[in-house]
Structure formats: C-alpha cells, structure tokens
Amino acid sequence: MLGRLSVLVLLTVLMACSKDADTDNDSEDKTDVIDVVDETDDIDDTDETDETDETEGGSDSACTDVANYIFKEKNGLVNVEFENAQFPDGWVLKSDGDSFTGKGYMVWEGDQYLGNPGNGKTSFKIEIKNTGTYRFLWKSAVKSGNSGSDHNDTWLRFNDADDFYAQRDDSIVYPKDTGKTPNPEGASKDGWFKIYRSGSNLDFKWQSSTFDNKGHNIYVVFEKAGVYTMEISARSSGHGIDRFVLFNDAMAQADAISDDANLSETRCN
Ligand SMILES: [Ca+2]
C-alpha cells in the first residue's frame, strides 16, 4: 500500500515538473504536440520532414554554399530553380525577359560540346522519400539565334538512380555506355542523354525530349529512399534552363509545372 502511494506521489511530482517545463517553452510544447499527432498516422513522415526543415531552416542561413544544398522531394514532387545551381565557368545567370520564374535562368555561354558530355558539369542533390518512377521535365529556351533546332539542348544524367530511361509509347531507350539497350537516335554518351526542346517558339517552355526526330519523355527510378545526384553538363551554347521538376503519379503534370507549385525545400548536406 505504501509502495503504491510512493508511486502516486512520484507520478504527481513528475507531472508537475513536466508541466513546468511546458510552460517554460511554448514553442517546444507545440512541437511536442505535433510529434504525438504525427506518430499516429501515415502522414507522419512528411510532417517530420517539415519539422526537420524548421530546425534546419536555421542552419540553412549558415549553409551559404549551394554545393551543400539537398532538395527534398515532397508529395511526389521535386521542384527546383536552376539559379540554385553552382555555376562553373561558362554558365551565366541571366534575368532578361519575363517568362522565367524565380530570380533568373542559367545559360551556357562557353564552347559547344555536341558529342562530349561532362564539360561545365554541375549537380543537384535530391532527397527522395516516396520511391518509384518520376518523370523529368525542365523549362528551357533558345537564347541564341532564331532556329528552334539549334542551341536547344543540354546534357542530363542520373548516374546513381536505379534507372534512367526515355519512353515514347512502347519504345524505351537507355543512355549509351550504361550496358542497357536500345539507345536513342542522336547524341548520347557515358550515361548522359541529350535533352532537347523543339518548336519555332524559342521562349521558355516545358519540354524535355531525347531521341532525334522522335521525342521520348524522360524518366528516373528511385527504388530506395535517400539522396540522389542529378547532373547537367554543357552541350549547346545559348540554351537557357530556368527550372526543373521530377514528379510521380501522385502529381499531375499541370500541377508540377505550375508557377504556383511549391519549390522544394532544402536542407544542408
Ligand atoms: Ca529560374
């Protein structure tokens, strides 16, 4: 009897302490409440990510090197402005016109590397939570000359993803030098696809195709949750790239590429 009483007293004391602690820090208190709610359902993971964002939002200001940015997929969408890239020599940030989003777009002003990927290479770290197949799209423009079929492409590679391919109807092709076949007509090398846009309107538009004269759409497969690397490298001079998205079946294309779509939050590597 006495033992039970001791436990009761101890519990009462503990509860009192815990209440004190709560009133000491309102914001912590709220976080704790969210935690409890989170753990009860599936949205759990997403919400926890948000919390991490808030915590690391503070460290983001300290994380001044874009090389350390990791862009976080959320609800089946990765949505990134190219001005968040590291800019090797030859890539220039520009903001003429009004058809880009964010602070501008990046454009290659160095030599052309039509058959030779890997020059002017820059990369983006992407954290995938929802595994599966994602469609890749970027918004790009021809910023040199007046032909829609020149200065209209840049190299793209997902080297550590579980698959990286292009598809049009029943036709599926893989980048060259990956050991996978068939490969697309047109330039491809060392796991890189040439990603082009077409059409006589040279302004920014959402299109990412490979396979000459028979545009195939671009897909990437992430089988495990984790951080993956997307690489781009220079091909045509004067090709301006503004923003890219990766989206899965949970996200309609129109929503993914909408100007109103939420940009991916970042955390620091
Ligand atoms: Ca942009």
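Analyst: This is a predicted model. Rings of Phe, Tyr and Trp (its six-membered ring) pair if their centres lie within 6.5 Å. By this rule the count comes to 20 aromatic pairs.

User: Is the pair of phenylalanine 71 and phenylalanine 124 stacked or tilted?

Analyst: Planes under 30 degrees apart count as stacked and those over 60 as edge-to-face, with the rest as tilted. The ring centres of phenylalanine 71 and phenylalanine 124 are 6.1 Å apart and their planes stand at 55 degrees, so the pair is tilted.

User: Which strands hold phenylalanine 71 and phenylalanine 124?

Analyst: Both phenylalanine 71 and phenylalanine 124 are buried. The pair ties together parts 53 residues apart in sequence, because phenylalanine 71 lies in strand β1 and phenylalanine 124 in strand β5.

User: How are the rings of phenylalanine 136 and phenylalanine 244 arranged, stacked or tilted?

Analyst: Phenylalanine 136 is buried, with a relative accessible area of 0%, and phenylalanine 244 is buried with a relative accessible area of 0%. Phenylalanine 136 in strand β6 and phenylalanine 244 in strand β16 are 108 residues apart. Their centres lie 6.0 Å apart with the planes at 25 degrees, so the pair is stacked.

User: How far is the charged end of arginine 235 from the centre of the ring of tryptophan 155?

Analyst: A charge sits over a ring if, among other conditions, CZ of Arg is within 6 Å of the ring centre. The charged end of arginine 235 sits over the ring of tryptophan 155, and its distance from the centre is 5.3 Å.

Methods
Residues numbered from 1 in each chain as written. Predicted model: local features only at pLDDT ≥ 70, side-chain atom pairs only at ≥ 80, totals over all residues. Heavy atoms only, no water. Helix = DSSP H or I, 4+ residues; strand = E, 2+ residues; numbered from the N terminus. Buried < 20%, exposed > 50% of the residue type's maximum accessible area, 1.4 Å probe, protein only. Lys NZ or Arg CZ within 6 Å of the ring centre and 35° of its normal.
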